[in-house]
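Take a walk through this structure, one element at a time. Start with the sheet, then turn to the helices and a few single residues.

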Amino acid sequence: MTDIQVKVGQQFPLTIKRLGINGEGIGYFKRKITFVKGALPGEVIVAQVTDINPKYLQAKMVKIREKSNERVKPKCNVFDLCGGCQLQHLSYRGQLKYKKQIVEDALTKYAPHVKLDKIKDVKGMHNPYTYRNKNQFPVEKTGRKVRAGLYKEHSNTLIDLHECIVQDNRTMHTTNEVKKIMSELNIDACKNPMREKGVRHIVTRVALATGEIQVVFVTNTRHLKKQDLLAERVMRLAGVKSVALNINTEKTSIVMGDETIVIAGEETIREQLQDHIYDLSAESFFQLNPRQTVVLYNEVRDAAALTGKEHVVDAFCGTGTIGIWLADNAGEVRGIDTNEDGIVNAIYNATLNGADNCKFEVGDASEKLNEWIEEGFYPDVITVDPPRTGLSEETIKLINEIKPKTFVYTSCNPSTLAKDLAHLTKAFQVEYIQPVDMFPQTAQVEAVVKLTRKRKLGK
């Protein structure tokens, strides 16, 4: 097909067919795919070209001629600027349909042999707001006034947030008070870690069950001016149980550094999900939506279908949350992760919950699995919750060789999930895929996949 002639600034009517993986509307101008932020399926809009690529067009929405029945007014007054949420203009019912479609599209593209009827409807929330238990806001300063929030999309302009409809109100209240205290004490802020010393980010986390709050100042220095007074003032805030410095001297988009120093209060805050207790240090990974975490982990438990006798491997175990969740119904659980701090937390949390049948070790998933099998520990069930990049080729190959009776894959990225399923289905069959909405108002969706081996493998 001859490439179409189009110019930046050109306007044309466009019918939106579906949503893309980032929540953008997708239409076709003379059969060329066109992405339009803020447009919804079924809408007819006037689009204006903003960028031309050989394979696609980027456009902005100038006018809506025919509006979708699923379009709603965003509750946040900086929705169009912030970029933290992508779907506030779409009804929650519409969001759940879209997230199922994202999983379907990924399978169609990367694993077309997996039938789409294996995908269940997305499990959503009764209240899809104020669910995030943690914020981590970059900090800037003008004169004595400290600002913290999120950067305007595709820019270095900081939006000073005072409220956020997806954050737990307690985290926002605490962060707002911390900004005031920093301003009053004239605490240094650091936008460029190569040229300045001071606070780079304010990180605030609340435990849903106990209300305990943890405040972490990410800095590029081990000692802030007026640090003791700062810690004392922050500890007076309602709910605050822990104040820490996290040292990050690198010029990077990664928020937290490798070293944390508690400067006031406790080392950890305590969270509880159903009957399970977790003590969280500043570095601990923990799901950002505790209410939906219960839904997600119960899906993992149901997919594992344990009888009390099985050997279970929890790869990418982090702080041991999933392994401990399964421990009551397992014979023995062994967890693996490359993060040493996470494993320390996992061992502690297992002891805290009386999960004596849990064992957690630092190491590479493939190497540890081989080591344990050589020791005689053969997994009946393997569960994984990998990063967005998915599983490595080596790990997939090993799991296909081990071929446990049941393999449970928890994914935060439909694309890499589908790519991995394309290879895992050589040894396993997909029983079902259960998407879970962990992040309402955003384009993200998680999924729990139950796979069972295609034929028995002799041990």
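Two strands count as paired if DSSP finds at least two bridges between them. Strands themselves are DSSP runs of E, at least two residues long, numbered from the N terminus. With that in hand, look at one pair of residues: F217 stands opposite L245 in β11. The model is predicted.

Now widen the view. β10 and β11 belong to an open sheet of seven strands. Its order is β8-β7-β6-β9-β10-β11-β12, and the pairing is mixed. Which strands stand at the edges? They are β8 (158–160) and β12 (259–265). Each has a single partner strand, so one side of each lacks a neighbour in the sheet. From one strand to the next, the twist averages 35 degrees.

Helices cover this sheet. Helix α3, residues 169–185, packs on it. The strands that α3 touches are β6 (134–142), β7 (145–151), β8, β9 (199–206), β10 and β11. The direction of α3 makes about 145 degrees with that of β9. Helix α4, residues 227–235, lies across β10, β11 and β12. It runs at about 145 degrees to β11.

Is β11 enclosed or open to the outside? Seven of its eight residues are buried, so the strand is largely enclosed by the rest of the structure. Buried here means under 20% relative accessible area.

Next, leave the sheet for a helix pair. Helix α2 spans residues 92–110, and helix α10 spans residues 414–424. Their axes come within 8 Å and cross at roughly 40 degrees. The two helices are therefore oblique to each other. The crossing of α2 past α10 is right-handed. On the α2 side, the contact is made by I102, V103, A106, L107 and Y110. On the α10 side, P414, S415, A418, K419, L421 and A422 take part. By class, this contact has nine nonpolar residues, one polar and one charged.

Finally, turn to single residues. K226 is not a glycine, yet it has a positive phi of about 60 degrees. It is found in the loop between β10 and α4. Its relative accessibility is 46%, so K226 counts as partly exposed. A305 is not a glycine either, and its phi is positive at about 50 degrees. The loop that holds A305 lies between α5 (290–304) and β15 (311–315). At 44% relative accessibility, A305 counts as partly exposed.

Helix α5 also holds E299. Is this residue buried or exposed? E299 has a relative accessible area of 7%, so it is buried. What does E299 touch? Leaving aside residues up to four places away in sequence, E299 is in contact with K123, Y432, Q434, V436 and V448.

Key
Residues are numbered from 1 along each chain as its sequence is written. This is a predicted model: local features need pLDDT of at least 70, side-chain atom pairs count only at pLDDT 80 or more; totals for chains, interfaces and linings use all residues. Side-chain values use heavy atoms; hydrogens and water are left out. Helices (H or I, at least four residues) and strands (E, at least two) are DSSP runs, numbered from the N terminus. Axes are lines fitted to C-alpha atoms, for helices over the stretch in contact, and angles run from 0 to 180 degrees between N-to-C directions. Contact means heavy atoms within 4.5 Å. Angles under 35 degrees count as roughly parallel, over 145 as roughly antiparallel, 65 to 115 as roughly perpendicular and the rest as oblique. A crossing is left-handed if the near helix is turned anticlockwise from the far one by less than a right angle, and right-handed if clockwise. Ala, Val, Leu, Ile, Met, Phe, Trp, Tyr, Cys and Pro count as nonpolar, Asp, Glu, Lys and Arg as charged, and the others, Gly among them, as polar. Buried means under 20% relative accessible area, exposed over 50%, partly exposed in between (1.4 Å probe, protein chains only).
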